Amino acid sequence: MSAHAILSPSSAKRWINCPPSARINAEAPQKDTVYTREGTLAHAICELKARKHFLTGVGPKRFQAAMDKFRADELWQDEMEGHTDTYLEALKDIAAQYSEAPHVALEVKVDFSEYVPEGFGTADCLMIGPVEGVKGDVLHVIDFKYGKGVEVEAEDNPQMMLYALGALMDYSPIYDIDEVRMTIVQPRIKREPESWSLKALSLVNWANCVVEPAAKLAIHGGGEFQEGEWCRFCAIRGSCRARAEANLRAAELDFRLPPELSDVEVGEALTLGQRLKQWLSDLEEYALNACLDGREIDGWKAVAGRSVRAWTDPDAAFAAARAAGIPEEMLYERKPVTLAGLEKVMGKKPFAEALSGFVTAPPGKPTLVKSSDRRAAITNQPTAGEDFGGNDD
Ligand code: SF4
């Protein structure tokens, strides 16, 4: 088994926090889903657009021919056009932060094997050069995420940090890198790219103190099982004993008197509830697959869910409806496309240029989120200004 398959950057959060999970996952079959293939196609389009803009070798003809090929792919979606434009716009904005044209590398292999056995990965885009106000050069790592299921944060993101570490190792002999910036472009979830930065020295400290010791354990299947948010992508998330024990232990909430929970305890219960909800959903997925595989899960079985009726042949059905005297206008609905739908089709920038004057964004319905969420907290309480003299009556 190759070490690369075990300690990949994309699973780094898991194997750093739960080293024995590395070998378990490496032995599990890898699934190539329609979503991963869509992501691969969207990445290829991103690369083409970035290559045409920043590098040489992709002229208008070659670009057009490649785009025609992408559009003919069975996985092509019209919204890919807009989302990959958003990626290119983000790259242009980042390049503009440099005080002179940065060095740009695309789909670049980075090597961090000094810290992780056979550790390497492929970064979507790297930029390096001087930035006003920074002593040395700035290395910027940019990653495109096409998924829309799970929001990926730039801050403290081990995958991005390993890419940056590899790039730092590779480029340090040529550049005097002082600061490392990382940006995630995830246009199907977040309207704006998200960035985070740290000093090059801090990145190396993290590699020495966190990555290297964890990698040494993980490569040999050693270390302690440790449950956490990283379990979500683990192959044994539904059947893991360490996770079950940790969740069952946590579920024994040690509430204190008086009879009503304090606000602190409500917060604790909500956090725990989310964790248990995710675990329950993974258990259900595991048990359903086991039942479908013909195994016995005590007290449970798989059944066919509710069936949703569908036309076998919509054209023939509508012809029959017309023949039965249903007027044409009763058969079709004409609806305006949604704002988000039109923005996807047009692309973010052309949409803003043509239509931003027609867009308003009223405050959304109050929603409960974790305090780590980046959005500002809201309240119904009057502000100090409203309390003192906001009303002359
Ligand atoms: S489910 Fe969580 S605790 Fe169990 S092996 Fe996977 S990552 Fe570790």
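Q: In which loop does Glu-118 lie?
A: Glu-118 belongs to the loop between β1 (103-111) and β2 (120-130). Strands (E, at least two residues) and helices (H or I, at least four) are DSSP runs, numbered from the N terminus. This is a predicted model, in which local features need pLDDT of at least 70, side-chain atom pairs count only at pLDDT 80 or more, and totals for chains, interfaces and linings use all residues. Residues are numbered from 1 along each chain as its sequence is written, and side-chain values use heavy atoms, with hydrogens and water left out.

Q: What is the phi of Glu-118, and why does Glu-118 count as partly exposed?
A: Its phi is near 50°, a positive value in a residue other than glycine. Glu-118 counts as partly exposed because its relative accessibility is 48%; buried means under 20% relative accessible area, exposed over 50%, and partly exposed in between (1.4 Å probe, protein chains only).

Q: Where is Asp-156 found?
A: Asp-156 is in the loop between β3 (137-144) and α7 (158-171). Asp-156 also has a positive phi, of about 55°, although it is not a glycine.

Q: How many residues has the largest nonpolar core?
A: In soluble globular proteins, nonpolar side chains tend to be buried together. A nonpolar core is a set of buried Ala, Val, Leu, Ile, Met, Phe, Trp, Tyr and Cys residues joined through side-chain atoms within 4.5 Å. Here the largest has 44 residues, and Val-180 is one of those with the most contacts inside it. Apart from it lies another core, of 30 residues, including Leu-75 and Phe-144.
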